[in-house]
Amino acid sequence: MVILIFFISLWYLSLFTQTFFLHRYASHRAFSMSKFWERSFYLFTYIMQGSSFMSPFAYASMHRMHHAYTDTEKDPHSPKYFSNVFSMIWQTKKFYSGIYNGEIKPEKQFMKNIPRWNALDKFGESILSRTLWITAYTVFFIVFAPSVWYFLLLPIVILMGPFHGAIINWFGHKYGTINFKLKNTSRNLFPVDFLMLGEGYHNDHHHAPSSANFGARWYEIDPVYLIILFFNKLRIVRLNHQTVTAERLTSVA
């Protein structure tokens with residue numbers, strides 16, 4: 001039971017940091033926050049992502065390129081050019097590492113206004129950090145796993161970030177429904193979005209990337225957007241864009 005609670009908690013907390021901080025804030029600036037809160041969520045992102053921590057700079061630069069070049073040869077991770085999800089994720093990893101290491105230099109417009117904390121990035125990306133997290137996860141499983149079958153969850157824990165990315169960047173461009181006719185293959189994974197905290201509304205998001213709300217139809221509840229609204233009331237964040245509501249559906253297929 002302890003392992004399942006740990007796994008479910010880490011699934012959602014890691015995903016929250018990805019969609020709230022890396023995606024909606026660092027990549028799209030759907031809201032703003034003070035330097036104090038930026039550093040606080042930066043650190044929280046590192047802790048929750050652990051061994052699969054992603055530098056906000058490399059992540060945001062790559063993600064902006066994905067939106068600018070969706071489903072073209074310049075797209076860092078379009079399923080259109082890969083035969084399976086594993087080859088796509090491996091190419092994504094190589095592209096991400098290329099940006100982080102300076103081997104790939106995105107155009108200037110993709111690198112503007114991204115939060116930076118070089119010391120934390122350097123440590124989070126280090127072999128030492130990843131080894132310490134993997135060791136901690138493994139020891140936790142050794143202590144609390146009631147049977148060896150629970151160790152099947154350990155690889156997902158270690159690679160939680162890429163696992164989340166694979167669901168959206170592969171399945172979110174191959175299966176699901178369309179609310180908006182766009183010049184790309186983005187789809188909504190509505191039936192499984194309870195696992196993805198709003199990230200499953202991928203077609204909606206490609207239609208309005210800068211919106212803090214990833215849902216478009218009345219029943220597409222985006223739980224992270226509700227948290228953002230709460231943070232906005234507490235003045236932890238400040239929304240920069242109008243809430244995207246049912247008016248977005250004027251272009252619905």
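**Exercise 1. Find which element gives the largest share of the lining of the largest pocket, then describe that pocket.**

Start with the share: α8 supplies ten residues, the largest share of the lining. Helices here are DSSP runs of H or I, at least four residues, numbered from the N terminus. This is a predicted model: local features need pLDDT of at least 70, side-chain atom pairs count only at pLDDT 80 or more, and totals for chains, interfaces and linings use all residues. Residues are numbered from 1 along each chain as its sequence is written, and side-chain values use heavy atoms, with hydrogens and water left out.

Next, take the whole lining. It has 39 residues, with Met54, Ile89, Lys93, Gly161 and Pro162 nearest the pocket's centre. Elements giving two or more residues to this lining are α1 (2-27), α3 (56-68), α4 (85-100), α6 (127-144) and α8 (160-171). A pocket is an open set of points on a 1 Å grid over the protein atoms alone, where a 1.4 Å probe fits, with protein on both sides within 12 Å along at least five of seven lines; lining residues have an atom within 4 Å of a point.

**Exercise 2. Locate the salt bridges of the structure.**

Count first: there are three. The criterion is a side-chain nitrogen of Lys or Arg within 4 Å of a carboxyl oxygen of Asp or Glu.

- Aspartate 222 pairs with arginine 24 at 2.7 Å, N to O. Aspartate 222 sits in the loop between α9 and α10, arginine 24 in helix α1, 198 residues apart. Both are buried, meaning under 20% relative accessible area with a 1.4 Å probe, protein chains only.
- Lysine 35 pairs with glutamate 38, closest N and O atoms 3.3 Å apart. The two are three residues apart in helix α2, so about one helical turn separates them. Glutamate 38 is buried, at 7% relative accessible area.
- Glutamate 125 pairs with arginine 130, closest N and O atoms 2.7 Å apart. Glutamate 125 is buried, at 18%.

**Exercise 3. Say where histidine 206 lies and which residues it touches.**

List its partners, not counting residues up to four places away in sequence: His66, His67, Thr70, His173, Leu182, Asn184 and Ser186. Contact means heavy atoms within 4.5 Å.

**Exercise 4. List the contacts of phenylalanine 31.**

Leave aside neighbours within four places in sequence; phenylalanine 31 then contacts Phe20, Arg24, Tyr25, Ile228, Val237, Arg238, Leu239 and Asn240.

Methods. Grid points are joined across faces, edges and corners, and a volume is the space filled by probe spheres set on the points. Buried means under 20% relative accessible area, exposed over 50%, partly exposed in between (1.4 Å probe, protein chains only).
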